[in-house]
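Biologist: I'm new to this one and would like to learn how to read it feature by feature. Could you walk me through it?

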Amino acid sequence: VFSLRYFTWGRRPAKSHVHLLSIAPVMTILLIWSNPLHGLVFRHVRLDTNGPFAMIDMDYGPWFWIHTVYSYVLMASGVAFVAWRGIRSRQHDRGQATSLLVAALLPWVGNAVYVLGERTAVRLDPTPIFFTLSSIAAAWGFFRHDFLDILPAARDTVIENLPDGVIVLDRQRRIVDANPVALEFVGRPL
């Protein structure tokens, strides 16, 4: 939802049914609260004291896997949309999209390694470590690529939709930007 809203600034989205996306997470919360009655999220949760320190050992139930697939499909959709928009965007937006992709993929990869991978002797979940790396990638996007800055979106909304041609020159009098009307006027393809 965030990636869809972020990359459609200035354009009115179609009627949204985003609230329907909350059904599975709400059901998951309710099933976790009532898990001792049915075991749909976790079949067994026990404390394993065989290693150098105590660890929680659990067997996942069927709803855990349903929720995991649901979450991964949503994340994959968001990442695919950001990648698609990043490829079709200007250079400035590509930097933002790249930092957003890295920030989104890192925790996902860490969690997938833990959930789907073979448990090591220590059995630690690397997801928090990957979230830390994700925060660094997001900070890079905020500070280096002006992530969530409204100026690029405002520029697209105002300049691209002007009925007059606009050509932007740098100090060496080279064309660095032009809106569609100006490109049409000079006979350049859009």
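Biologist: Let's begin with the aromatic rings. How many aromatic pairs does a search of the whole structure find?

Modeller: The general idea is that rings of Phe, Tyr and Trp (its six-membered ring) pair if their centres lie within 6.5 Å; planes under 30 degrees apart are stacked, over 60 edge-to-face, and the rest tilted. Searching the whole structure turns up six aromatic pairs. One of them joins F42 and Y60, a tilted pair with 6.2 Å centre to centre and 45° between the planes. F42 belongs to strand 1 (residues 42–48) and Y60 to strand 2 (residues 55–60), so this pair ties together parts 18 residues apart in sequence. Helices (H or I, at least four residues) and strands (E, at least two) are DSSP runs, numbered from the N terminus.

Before we go on, a word on the ground rules. This is a predicted model, where local features need pLDDT of at least 70 and side-chain atom pairs count only at pLDDT 80 or more, while totals for chains, interfaces and linings use all residues. Residues are numbered from 1 along each chain as its sequence is written, and side-chain values use heavy atoms, with hydrogens and water left out.

Biologist: Is Y60 buried or exposed?

Modeller: Buried means under 20% relative accessible area, exposed over 50%, and partly exposed in between (1.4 Å probe, protein chains only). Y60 has a relative accessible area of 10%, so Y60 is buried. There's an edge-to-face pair as well: the ring centres of Y72 and W108 are 5.8 Å apart, with their planes at 75°. That pair links distant parts of the chain, since Y72 sits in helix 4 and W108 in helix 5, 36 residues apart. Y72 is buried at 16%, and W108 counts as buried at 19%. Ring pairs also link F42, Y60, F64 and W65 into a cluster.

Biologist: Which residues make up the largest nonpolar core?

Modeller: A nonpolar core is a set of buried Ala, Val, Leu, Ile, Met, Phe, Trp, Tyr and Cys residues joined through side-chain atoms within 4.5 Å. Here the largest one has seven residues: Y72, V79, V82, A97, L100, L101 and W108. Helix 4 (62–87) and helix 5 (91–116) each supply at least two of its residues, and helix 5 gives the most, with four.

Biologist: Now the charged side chains. How many salt bridges does the count come to?

Modeller: Look for a side-chain nitrogen of Lys or Arg within 4 Å of a carboxyl oxygen of Asp or Glu; that's a salt bridge. The count here is two. In one, R46 and D59 meet at 3.2 Å, N to O. R46 lies in strand 1 and D59 in strand 2, so the bridge ties together parts 13 residues apart in sequence. R46 is partly exposed at 38% relative accessibility, and D59 is partly exposed at 29%. In the other, the side chains of D170 and R174 meet at 2.8 Å, N to O. D170 counts as partly exposed, at 21% relative accessibility.

Biologist: Last one, on the backbone. Which residue has a positive phi although it is not a glycine?

Modeller: That's R173, with a phi of about 65°. You'll find R173 in the loop between strand 3 (167–169) and strand 4 (175–178). R173 is exposed, with a relative accessible area of 68%.
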